[in-house]
Amino acid sequence: MRVYRTGPKTLLYRSKFLTDGLEVSADSVKTRWHTWRPAEQLDFANAFILKPTLTTEDQEILTFLMEAGSELVWGAIACLLPRYSDRERAFSFLLEQVAVGGTGAANYYQALERMGDTRAVPLLRRRYEEYRRKLVPLERYALHSELSEYDVCCRALWKLDGSKEYEDALKELLSHPDESIRRRAHYYLFDRWPQQK
């Protein structure tokens, strides 16, 4: 990553994979991985996910990250898994992470939605029902809570299953007292951000 200071307390990060076309070998990542601090491993993953195309080496790096990464790294690389060459392995990995219910759940839901495999629906449905039981009333919860996983789960189920139930669940969030939650729900329903007033 390149890091730019844009204000007294504001930093801007740019991935060299995206801006410079940086390429690294799988062997170099494997060799260095265990010498990096967890924050450095996550920094690498966050830069790596912005690669516009995945080479054979990149596929090998993804395999390694699925095996050696932490929960935070797994959440970061989830968005690349729909482009992973072994789709069945990627799908199984994502389902396993959803079943465990750890951090980064929203990223796994988005990746499963993009994979478009309806075999994910029963597990996503279970997670949806858990959220519905826990998050009552919805108005009590803010964006940085399980509510920000719930809305992504609703979106994934709606796109994979097509049921109006999940569309209605997202519509219910359009009247949430928190503006950021209303905006996200609008985005998930209409694939565009609402216009500012």
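The accessible surface of the chain comes to about 10,800 Å², and carbon and sulfur atoms hold 51% of that area. Areas here come from the Shrake-Rupley method with a 1.4 Å probe, and for residues only the protein chains shown count as cover. The model is a predicted one, so local features need pLDDT of at least 70 and side-chain atom pairs count only at pLDDT 80 or more, while totals for chains, interfaces and linings use all residues. Residues are numbered from 1 along each chain as its sequence is written, and side-chain values use heavy atoms, with hydrogens and water left out.

Of the 197 residues in the chain, 42% are buried; the cut-offs are under 20% relative accessible area for buried, over 50% for exposed, and partly exposed in between (1.4 Å probe, protein chains only). As for charge, the mean positions of the 30 positive and 29 negative charges sit 5 Å apart. Lys and Arg count as positive and Asp and Glu as negative, with His and the chain ends not counted; each charge is placed at NZ of Lys, CZ of Arg, CG of Asp or CD of Glu.

On to the fold. The chain has 11 helices and two strands, taken as DSSP runs numbered from the N terminus (helices H or I, at least four residues; strands E, at least two). Along the sequence the pattern reads β-β-α-α-α-α-α-α-α-α-α-α-α. The radius of gyration is 18 Å, close to the 16 Å that the globule rule gives for 197 residues, so the chain is as compact as a globular protein of that length. That radius is taken over C-alpha atoms, and the rule is 2.2 Å times the number of residues to the power 0.38. The C-alpha trace spans about 50 × 45 × 25 Å along its principal axes. Among contacts with a separation of 6 or more, 55% link residues 24 or more positions apart, contact meaning heavy atoms within 4.5 Å.

The buried residues of helix 4 are Asp58, Gln59, Ile61, Leu62, Thr63, Phe64, Leu65 and Met66. Their cover includes helix 2, helix 3 (38-48), helix 5 (71-77) and helix 6 (87-100).

Helix 2 (residues 26-33) contains Trp33, which is buried with a relative accessible area of 0%. Leaving out residues up to four places away in sequence, Trp33 touches Gln41, Phe44, Phe64, Leu65, Ala68, Gly69 and Val73. With Ala68, the separation is 35 residues in sequence and 8.6 Å in space, C-alpha to C-alpha.

Helix 7 is mostly covered, with eight of its 11 residues buried. Those are Ala105, Ala106, Tyr108, Tyr109, Ala111, Leu112, Glu113 and Met115, and what covers them includes helix 5, helix 6, helix 8 and helix 9. Gly116 follows helix 7 with a positive phi, near 70 degrees.

Further along, the loop between helix 8 (121-134) and helix 9 holds Pro137. The peptide bond from Val136 to Pro137 is cis, with omega near -10 degrees. Ser148 sits in helix 9 and counts as buried at 18% relative accessibility. Apart from neighbours within four places in sequence, Ser148 is in contact with Ala106, Leu143 and Arg184.

Glu179, in helix 11, is partly exposed with a relative accessible area of 45%. Its C-alpha is separated by 9.3 Å from that of Leu143, 36 residues away along the chain. Asp191 lies in the segment after helix 11 and is partly exposed at 44% relative accessibility. Phi of Asp191 is near 55 degrees, a positive value in a residue other than glycine.
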